[in-house]
Amino acid sequence: MPLVLICAGALRVAAQNDPSLLPEATTRISEHVYAIMGFPNIAIIVGTRGTLVVDTGLGPRNGATIARVVKKLSTGGLRYLTTTHFHPEHAAGEAGFPNDTILIRDRVQQQEMEAHGAEMVTRFSQQSAQRAELLANVKMRQPDIVFDTEAKVDLGGVTARLLWLGEAHTKGDELIFVEPDRTLISGDVVQNKRVPSIYGDGGTPTSWIGVLDKVAPLNPSHILPDHSDPGDGSLIAQDRGFIVDLQTRAIALKRQGVPAEDAGKRLADEFKTKYPDWPNVNAVAGFVQRIYAEGR
């Protein structure tokens with residue numbers, strides 16, 4: 001299993017543990033899919049006619065690193081870029097790619113980018129001196145292609161399906177399914193033993209389950225999450241089971257009149273025992289707040 005730099009909450013990273021710079025080493029995920037494992041994991045899908053990169057790293061310096069890696073992997077050249085959601089480590093490195101790169105994004109994600117993208121760049125810039133340097137003068141350009149629910153990119157011998165299936169971590173989460181590899185690039189929607197996190201006015205626990213239910217029929221053989229280890233298709237059921245378990249317990253406590261803050265602390269302790277190999281179980285408290293807010 002490759003070494004992966006895992007971030008215990010993309011928005012709360014201590015400067016002394018800052019993994020902001022991407023390496024140039026790659027891990028092969030499936031026949032046509034490679035990954036740069038870092039913050040976040042970057043997918044590179046290589047066909048005979050072109051290449052699709054998923055996510056950019058934090059700022060143009062990281063984007064340029066990805067572009068160098070692509071040049072080594074692909075004879076078809078760099079042609080397409082897409083992003084799983086609007087947060088800076090996923091989208092703020094676009095300026096480091098060649099000028100003729102075709103940027104594709106789902107419509108809801110682009111709306112979030114226009115509403116909150118600059119705000120998020122400022123927020124990340126305040127987290128460390130290195131991040132401030134990486135994000136200096138970053139401006140997001142408009143995508144070349146915007147889609148509603150699905151776009152297909154034929155790279156030659158391999159097709160990437162870009163999918164918006166609903167709200168989860170953010171409103172505009174995009175997932176990428178690579179055929180014929182049956183590889184899912186899952187963004188923050190499907191992780192490997194990571195407590196889910198809903199950012200801002202993103203989805204709800206119930207809408208997140210709905211997205212997982214739409215992803216499951218794809219029956220992927222390989223899954224590359226953004227912030228955890230690669231895995232197989234069982235990660236979808238694993239994440240769904242965790243959310244349903246937490247939702248069931250939190251709703252029961254709410255009906256007993258237990259305040260949300262107390263329920264979060266109680267369930268964080270309970271889930272440390274139930275899920276001992278999930279490293280960020282303290283994040284349960286935040287997700288419990290979201291369950292309570294649904295009003296069920």
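Predicted model: local features only at pLDDT ≥ 70, side-chain atom pairs only at ≥ 80, totals over all residues.
Contact here means heavy atoms within 4.5 Å. Local features need pLDDT of at least 70 and side-chain atom pairs count only at pLDDT 80 or more, while totals for chains, interfaces and linings use all residues. Residues are numbered from 1 along each chain as its sequence is written, and side-chain values use heavy atoms, with hydrogens and water left out. Helices (H or I, at least four residues) and strands (E, at least two) are DSSP runs, numbered from the N terminus.

**Helix α7**

- Helix α7 covers residues 260-274, and its 15 residues reach 20 Å from the first C-alpha to the last, close to the 21 Å expected at 1.5 Å a residue; the expected span is 1.5 Å times one less than the number of residues.
- Its buried residues (under 20% relative accessible area; exposed is over 50%, partly exposed in between, with a 1.4 Å probe and protein chains only) are Ala260, Ala263, Gly264, Leu267, Ala268 and Phe271.
- Seen down the axis of α7, these buried residues fall within an arc of 135°, so they line one face of the helix; the arc is that of the directions from the helix axis to the C-beta atoms.
- On the face of α7 turned away from the buried side sit the exposed residues Lys265 and Thr273.

**Nonpolar cores**

- A nonpolar core is a set of buried Ala, Val, Leu, Ile, Met, Phe, Trp, Tyr and Cys residues joined through side-chain atoms within 4.5 Å.
- The largest one has 39 residues, and Leu184, Leu246 and Val284 have the most contacts inside it.
- Two or more residues of this core come from each of β10 (175-179), α5 (205-215), α6, α7 and α8, with α6 giving the most, eight residues.
- Leaving aside neighbours within four places in sequence, Leu246 is in contact with Leu267, Phe271, Val284, Phe287, Val288 and Ile291.
- A second, separate core of 21 residues includes Ala43, Ala151, Leu155 and Ile176.

**The seven-stranded sheet**

- Seven strands make an open sheet in the order β1-β2-β3-β4-β5-β6-β7, with mixed pairing; two strands pair if DSSP finds at least two bridges between them.
- β1 (27-28) and β7 (145-147) are the edge strands, each with a single partner, so one side of each is left without a neighbour in the sheet.
- Strands β2 (33-36) and β3 (42-46) pair in the antiparallel sense over four bridges, and Val33 stands opposite Ile45 in β3.
- Helix α1 (60-73) packs on the sheet, touching β2, β3, β4 (51-54) and β5 (78-82), and its direction makes about 30° with that of β3; axes are lines fitted to C-alpha atoms, for helices over the stretch in contact, and angles run from 0 to 180 degrees between N-to-C directions.
- Helix α3 (107-125) also packs on the sheet, touching β6 (102-106) and β7, and its direction makes about 95° with that of β6.

**The five-stranded sheet**

- Another open sheet with mixed pairing has the order β8-β9-β10-β11-β12.
- β8 (150-154) and β9 (159-163) pair in the antiparallel sense over five bridges, with Leu162 as the bridge partner of Ala151.
- β10 is mostly covered, with four of its five residues buried.
- β10 and β11 form a hairpin with three residues between them, and Arg182 in the turn has a positive phi of about 55°.
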